[in-house]
Amino acid sequence: MAGEVPVFISPMDVGFEGNTGRYRHADTVADLAAILLSSRWDWSNVPSFPHALVSTLEALEFYTDAANARAAFLIAAHEAGVQILPDDAAEMRKTS
């Protein structure tokens, strides 16, 4: 939205479930919210999804808590089995 100040996070790439090697880049809380609200990911069986969504919306509304929103998103993504780079890079190296 025009005129809004972006709330930046530590950049990440979010894997598309079932599409190995395809990622969506996120470097703002708005990017996280868009991913959480997108139909490309299935969040229906993810207990931490509501908390992740509320965290991102609060960070957007108040321009704060970007790190908390990112952390809540990571928890939900891992519950959904979604790979996050660079956060999961070390784990990927161990399994290869």
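Hi everyone, let's start with a helix pair: α1, residues 29–37, packs with α2, residues 49–62, at an angle of about 145 degrees, and their axes lie 9 Å apart. The axes here are lines fitted to C-alpha atoms, for helices over the stretch in contact, and angles run from 0 to 180 degrees between N-to-C directions. Helices (H or I, at least four residues) and strands (E, at least two) are DSSP runs, numbered from the N terminus.

Before going on, please keep in mind that this is a predicted model, in which local features need pLDDT of at least 70 and side-chain atom pairs count only at pLDDT 80 or more, while totals for chains, interfaces and linings use all residues. Residues are numbered from 1 along each chain as its sequence is written, and side-chain values use heavy atoms, with hydrogens and water left out.

Back to our pair. Which residues make the contact? From α1 we have Val29, Ala30, Leu32, Ala33, Leu36 and Leu37, and from α2 they are Phe49, Ala52, Leu53, Thr56, Ala59 and Leu60; contact means heavy atoms within 4.5 Å. By class, that makes 11 nonpolar residues, 1 polar and no charged ones. For the classes, Ala, Val, Leu, Ile, Met, Phe, Trp, Tyr, Cys and Pro count as nonpolar, Asp, Glu, Lys and Arg as charged, and the others, Gly among them, as polar.

Now burial, where buried means under 20% relative accessible area, exposed over 50%, and partly exposed in between (1.4 Å probe, protein chains only). In α1, the buried residues are Val29, Leu32, Ala33, Ile35 and Leu36. Looking down the axis of α1, these buried residues fall within an arc of 160 degrees, so they line one face of the helix. The arc is that of the directions from the helix axis to the C-beta atoms.

Moving on to α2, Phe49, Ala52, Leu53, Ser55, Thr56 and Ala59 are buried. Down the axis of α2, its buried residues also fall within an arc of 160 degrees, so they line one face of that helix. They pack against α1 and α3, residues 66–79. On the face of α2 turned away from the buried side, you will find the exposed residues His51, Glu61 and Phe62.

Let me pick out Ser55, which sits in α2. Is Ser55 buried or exposed? At 11% relative accessibility, Ser55 counts as buried. Setting aside neighbours within four places in sequence, Ser55 is in contact with Asn68, Ala69 and Ala72.

What comes after α2? Tyr63 follows, with a positive phi near 55 degrees. Then there is Thr64, in the loop between α2 and α3. Thr64 is partly exposed, with a relative accessible area of 37%. Thr64 and Val7 are 57 residues apart in sequence, and their C-alpha atoms are 7.5 Å apart in space.

That brings us to α3, whose buried residues are Ala66, Ala69, Arg70, Ala72, Phe73, Leu74, Ala76 and Ala77. They pack against β1 (8–16), α1, α2 and β3 (84–85). Just after α3, Gly81 takes a positive phi of about 80 degrees.

Finally, the whole chain. It has 4 helices and 3 strands, in the order β-β-α-α-α-β-α along the sequence. Of its 96 residues, 40% are buried. Among contacts with a separation of 6 or more, 49% join residues 24 or more positions apart.
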